[in-house]
Amino acid sequence: MLKSFWLKYWPAILLTTVIIIFFNKILFFHQVFINPDYGRSDLLHFNIPIHYSAWEAIRNFEIPLWESKMGQGFPLLDEGQLGFFYLPNLILSILPFWIAFNIGIVFTFCLAAIGAYLLARSFKI
């Protein structure tokens with residue numbers, strides 16, 4: 001039984017293991033990837049604030065149509081990078097923000113890698 005499970009799902013297990021090893025610092029050491037883009041970082045100055053606002057809204061059972069704490073106001077639900085209705089974001093909102101944010105990054109990579117593998121397998125590559 002266990003042997004047939006490993007034989008059937010070894011590509012997904014291998015891809016997930018490689019991704020977890022790559023992202024071990026954000027998963028196990030409470031760090032985040034930030035690369036400076038000419039003095040500012042898209043992750044630090046844009047993505048983390050909008051994700052934090054969405055995380056707060058989910059925890060308060062609200063839909064964030066407008067975020068008044070950003071500039072003169074910001075249409076948060078309209079921001080495509082946020083992925084407010086992405087199911088893992090909704091589920092992970094029960095965790096503290098930094099843990100949910102980091103697990104969301106790793107989960108998205110795993111989902112994309114396994115999906116690319118399944119697509120390649122369907123094309124018999």
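Asparagine 47 sits in helix α3 of this predicted model. Its relative accessible area is 15%, so Asn47 counts as buried. Beyond its sequence neighbours up to four places away, Asn47 touches Asp42 and Gln81.

**Nonpolar cores**
- The largest nonpolar core is made of 7 residues: Ile50, Ala54, Ile58, Met70, Leu76, Leu82 and Phe84.
- Within that core, Ile58 has contacts with Phe84, Asn89, Leu90 and Ser93, leaving aside residues up to four places away in sequence.
- Another core, of 6 residues, lies apart from it and includes Ile19, Phe23, Cys110 and Ala113.

**Largest pocket**
- The volume of the largest pocket is about 460 Å³.
- Its lining consists of 23 residues.
- Nearest the centre of the largest pocket lie His51, Asn89, Phe101, Gly104 and Ile105.
- Helices α3 (42-59), α4 (87-92) and α5 (97-122) each contribute at least two residues to the lining of the largest pocket.
- The most comes from α5, which supplies 7 residues of that lining.
- By residue type, the lining of the largest pocket has 15 nonpolar and 8 polar residues, and no charged ones.

**Helix α5**
- Helix α5 has 26 residues and spans 37 Å from its first C-alpha to its last, close to the 38 Å expected at 1.5 Å a residue.
- Which residues of α5 are buried? They are Phe97, Ala100, Phe101, Asn102, Gly104, Val106, Cys110 and Ala113.
- An α-helix has 3.6 residues a turn, so residues three or four places apart point the same way.
- The buried residues of α5 are covered by elements that include α1 (2-22), α2 (24-28), α3 and α4.

**Residues with positive phi**
- Most residues other than glycine have a negative phi.
- Phe61 has a positive phi, near 55°, and is not a glycine.
- Phe61 is placed in the loop between α3 and α4.
- Is Phe61 buried or exposed? Its relative accessible area is 81%, so Phe61 is exposed.
- Lys124, also not a glycine, has a positive phi of about 60°.
- Lys124 is located in the segment after α5.
- With a relative accessibility of 76%, Lys124 counts as exposed.

Definitions and conventions:
Residues are numbered from 1 along each chain as its sequence is written. This is a predicted model: local features need pLDDT of at least 70, side-chain atom pairs count only at pLDDT 80 or more; totals for chains, interfaces and linings use all residues. Side-chain values use heavy atoms; hydrogens and water are left out. A nonpolar core is a set of buried Ala, Val, Leu, Ile, Met, Phe, Trp, Tyr and Cys residues joined through side-chain atoms within 4.5 Å. Buried means under 20% relative accessible area, exposed over 50%, partly exposed in between (1.4 Å probe, protein chains only). Contact means heavy atoms within 4.5 Å. On a 1 Å grid over the protein atoms alone, a cavity is a set of points where a 1.4 Å probe fits but cannot get out, and a pocket is an open set with protein on both sides within 12 Å along at least five of seven lines; lining residues have an atom within 4 Å of a point. Grid points are joined across faces, edges and corners, and a volume is the space filled by probe spheres set on the points. Helices (H or I, at least four residues) and strands (E, at least two) are DSSP runs, numbered from the N terminus. Ala, Val, Leu, Ile, Met, Phe, Trp, Tyr, Cys and Pro count as nonpolar, Asp, Glu, Lys and Arg as charged, and the others, Gly among them, as polar. The expected span of a helix is 1.5 Å times one less than its number of residues.
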